[in-house]
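Good morning, and thank you for coming. Please have the sequence and the model open while I speak.

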Amino acid sequence: MNSADGEKFWDGILAAYGEIALKSDRVRGRFVSKLKSNIREAFAARGLDVRVRHRWSRILVDGLDDIDLGCRVASRIFGLKYIAPYRYVGLNDLESFMRDNASKLLDGVESFAVRVRRTGMHSFTSRDLERSVGGIVKEVSGIRVDLDNPDRTIYVEVHDSECYVYTDRVEAPGGLPLGASSRVVSLVSGGIDSPVATWLMMKRGCPVTMLFAYFPFGGDESDLRRFLAVARILRDWHIGEEIRVYSYRHDNALKEIRRLADGYTCVLCRRMMYRVACRVAEMEGAKAIVTGENLAQVASQTLDNLYVVDEASTLPVLRPLIGFEKEDSVRMARMIGTYEASTMPVSSGCRPIKGCWARPRKPTTRAIFDRVRELESMIDVDRLVGEALSSLRDLSNLL
Ligand code: ATP
Ligand code: MG
């Protein structure tokens, strides 16, 4: 919002963090300083040099010419719950500020409410201030008060003698600042689920190394292109830490597995991916691997199968979507922005592939260990893992 004479109305952006506030002082201090440095980096990446301050439990970003752009940038920072363009007003000037600006703050609305949040020693309560500010605004603007369902809320945050006034809260992703947790290796296919799983781990503070198992049908590269398109979108959320992206060739292993395993193909294929992911995790200093599996959503992801598959991993396997339904993943993928890229047709020649080309007609839903061991004794697992690792390709420069 700009004033009629084109002068900038808002002073900067006020950002609220969510879960960080619940941490002990020591942990909160560390997380807030990481959060601030991530915010600075997000703006620096766009050539913007901003000032980032922590005031009480808020973060203030100043020095922005384009507040809308600033909100868009800040709305992608993990750890922030919401952000709002704010105007600074001294407590003694609050009344006159409201008289002068009520109509501007309520431009185009028919009802309003005032909400006050207060820290410090004052001779009035938050309710007192809500009533007095509400009274002035109503008198000046002629707009009615509606506490239950206002068209617009005027928020006033009072800290000692400082007031921060804002009206629009833009949602941010919440969670923890990226880098607050250890790195994970995420198995990303480029389909709908695994990018969402990856994003959810980023939201818990984990920097991510993405690993794509490449097994093209014929020579077609469309699934690699789809993966890269998805990786680029996730990169734009991955602010404050280095994102790393690798692919490896999975076709040799898959061809051998498919030849002998039939209904066990998916189970053995997945075990092979986990092994490679664990070795990459070792190189990367990552502490877990991540997948987009959901319990029993497809035949290969029954609990019996996950039990057998897990055993191939030396690290915890995190599955943030375990209780999701497809609709949940789709909704989140749309919000994150990966949905369109994930639903790009993946084709080979003129034939679009529905699902995986190596999928057996009847994948087992009840894998048993003895059978898995028997089948794996017929292939040279170590050699296949070694070949996979020597085909590892760093794709970071393609993003
Ligand atoms: P997605 O939507 O992520 O492709 P999905 O519901 O299609 O998942 P599967 O194809 O059974 O389910 O894959 C389960 C998980 O295995 C994926 O979420 C992903 O973590 C991993 N995965 C599958 N294919 C690949 C691949 N080509 N490269 C890397 N990881 C993969
Ligand atoms: Mg898939």
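Which polar backbone atom is 2.7 Å from an oxygen atom of ligand 1? That atom belongs to Leu187. A note on conventions: this is a predicted model, in which local features need pLDDT of at least 70 and side-chain atom pairs count only at pLDDT 80 or more, while totals for chains, interfaces and linings use all residues. Residues are numbered from 1 along each chain as its sequence is written, chains are lettered from A and ligands numbered from 1 in the order in which they are written, and side-chain values use heavy atoms, without hydrogens and water.

Let me continue with the ligand. Polar contacts here are pairs of N or O atoms within 3.5 Å. A nitrogen atom of ligand 1 lies 2.8 Å from a polar backbone atom of Ala213, and a polar side-chain atom of Arg270 is 3.5 Å from an oxygen atom of ligand 1. Ligand 1 is surrounded by 19 residues, each with a heavy atom within 4 Å of the ligand; Ser189, Asp193 and Ser194 are among the closest.

I turn now to the helices, which are DSSP runs (H or I) of at least four residues. Helix H8 (residues 265-284) packs against helix H12 (residues 369-376) at about 70 degrees, and their axes, lines fitted to C-alpha atoms over the stretch in contact, are 11 Å apart. H8 is therefore roughly perpendicular to H12, a class covering angles of 65 to 115 degrees. Contact, meaning heavy atoms within 4.5 Å, involves Val267, Leu268, Arg271 and Arg275 of H8 with Phe369, Val372, Leu375 and Glu376 of H12.

Terms used:
Axes are lines fitted to C-alpha atoms, for helices over the stretch in contact, and angles run from 0 to 180 degrees between N-to-C directions. Helices (H or I, at least four residues) and strands (E, at least two) are DSSP runs, numbered from the N terminus. Angles under 35 degrees count as roughly parallel, over 145 as roughly antiparallel, 65 to 115 as roughly perpendicular and the rest as oblique. A polar contact is a pair of N or O atoms within 3.5 Å; within protein, one must be able to donate a hydrogen and the other to accept it, and residues adjacent in sequence count only if both atoms are side-chain atoms.
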